[in-house]
Amino acid sequence: MSLDFKVQADHLLNYVDGTWTPSSGGQTRPNLNPADTNDVIGEFGESVAADVTAAVDAAEAAQPAWDAIGPIERAKVLTKAARLIEDRIEDFAAAITREQGKRLGEARGEVTRGLAILEFHVGEARRMNGETTAAEEPRTVVLTFRRPIGVVGLITPWNFPLTIPIWKVAPALLSGCTAVLKPSPLTPLTAALLVQAFHDAGVPAGVLNLVQGDREAGEALVDDARVAGISFTGSLPVGQAINRAGAGRLLRTQLELGGKNALIVLADADLDAACDAIVHGAYGQSGQRCSATSRIIVDRAVHDELMARLVPRVRAMKIGPGDQPDADIGPVVNDERHQACLRAIEQAVADGAELLAGGGAAELGTPGYFVQPTLLDQVAWDSELAQEEVFGPVLSVITCDGYDDAMRISNSVKYGMSGTIFTQNPTLMFQALQDFQAGMLHVNRPGVGAYSHLPHMGAKASQLGAPECSPDVWNFYTDLRSACIRY
């Protein structure tokens, strides 16, 4: 790829107590470009339990002083971090594209959205309020206020390697907590660049710590009794494991998990607009979003007409590395995702689905993880493909008979991240908002890309705990206290 910028040696390390430091175990892990695995971005540290212990030690020691300066002063530091990220937008975008694979325009969009989320949280620093209420006795003032819970662990995924760390780090630090960030081992560079921006903005030593690595580091963070809360974004099985591991000590958890999101197209829908939304929601970022459109539930009356629009669009998509200007879709993130997509397609065809576009790996002359944008029709609503998350550019088409049947199929999955409907019927627009068993809802627009100041949340197995990107997030990072004062 042409994104050839120098990776500083420091960013291959952990960041603990204000210092870049190697893993105590001495092990490293190569960070590969998914569009060309011959491109080794660097050898990043593979942290062990001792590294996590050191990071929690630092966070625990730094927390009282960070709490003492108050939210307004903390917000000033984070505002400086936002300006530094803005100044470095091209470095962040290049890092995201090179190590995660998304197209450069999508990567720039991620940085822009991350900045908007950071600015939103900074604004909330002046509204981290309690309330006064009536007292039952004379000459008594009754009030509530918030206190940070202490040290928190932030475990983040690879699909949004900047935005999701930002929407966890920002409220954690603003609340007065100190944090240990453990990013995905597939996107360590973006996390390191983010921590560097916070360091350069003046975040004190120990307030934000970074441990690179995989399962051992994550388990050590969850198991440390000094960690008061774990905010995790990732797969349902890992989220369940975190919840079980912390249940014995009543660990506070905030879990944002998988999705199997439906876009309903009713008989009166604007089919051109629906087609645009489907392509964007299903194949943007190679389908690697928790809110990605993975099921189209289309009324039988307009099925053929929708397919006549959609199939040529999918077949015409150009596959290429993220820095290729005319590429419509980039690689999936690694071989595990690549093989999972191909297995899901193969199984769906064996189960009777009709392959309308794509269906296999794309060979581009470099050893990369490219999957053809795939469209499968006549998918049974209760089949494996229609029920289980694939997390790749694989889209199912399911035929329904009217609104009630469409909503039944939409709600048949265990997940509830996003729900979308296309209809011109105002009654059904608002009825759908009541009937979707999902957290983020859309009408006549793509099922991805919620505004930065709207809660990011799911229902059912997609979410446990307070929503992110919302004032409700303070219910995770802080405890509410009440006080009665006699004067």
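## Helix α8

In this predicted model, helix α8 covers residues 236–247, and its 12 residues reach 16 Å from the first C-alpha to the last, close to the 16 Å expected at 1.5 Å a residue. Leu236, Gly239, Ile242 and Gly246 are the residues of α8 that are buried. Seen down the axis of α8, these buried residues fall within an arc of 125 degrees, so they line one face of the helix. Pro237 and Arg244, on the other side of α8, are exposed.

The buried residues of α8 pack against elements drawn from several parts of the sequence numbering, namely β7 (151–155), α7 (215–223), β10 (227–233), β11 (252–256) and β17 (415–416).

## The chain as a whole

The protein chain contains 15 helices and 22 strands, and its C-alpha trace spans about 75 × 60 × 40 Å along the principal axes. A compact globule of 487 residues would have a radius of gyration near 23 Å, and because the protein chain has 23 Å, its value agrees with that expectation.

Of the 487 residues of the protein chain, 59% count as buried, while the chain exposes about 18,800 Å², of which carbon and sulfur atoms supply 51%.

Most residues other than glycine have a negative phi. Against that background, Asp17 has a positive phi of about 55 degrees although it is not a glycine. Asp17 is placed in the loop between β1 (14–16) and β2 (19–21), and with a relative accessible area of 44% this residue is partly exposed.

Asn444 also has a positive phi, near 55 degrees, in a residue other than glycine. The loop that holds Asn444 runs between β19 (440–443) and β20 (459–460). At 29% relative accessibility, Asn444 counts as partly exposed, since the partly exposed class lies between the limit of under 20% for buried residues and that of over 50% for exposed ones.

Terms used:
Residues are numbered from 1 along each chain as its sequence is written. This is a predicted model: local features need pLDDT of at least 70, side-chain atom pairs count only at pLDDT 80 or more; totals for chains, interfaces and linings use all residues. Side-chain values use heavy atoms; hydrogens and water are left out. Helices (H or I, at least four residues) and strands (E, at least two) are DSSP runs, numbered from the N terminus. The expected span of a helix is 1.5 Å times one less than its number of residues. Buried means under 20% relative accessible area, exposed over 50%, partly exposed in between (1.4 Å probe, protein chains only). The arc is that of the directions from the helix axis to the C-beta atoms. Contact means heavy atoms within 4.5 Å. The radius of gyration is taken over C-alpha atoms; the globule rule is 2.2 Å times the number of residues to the power 0.38. Accessible areas come from the Shrake-Rupley method with a 1.4 Å probe; for residues, only the protein chains shown count as cover.
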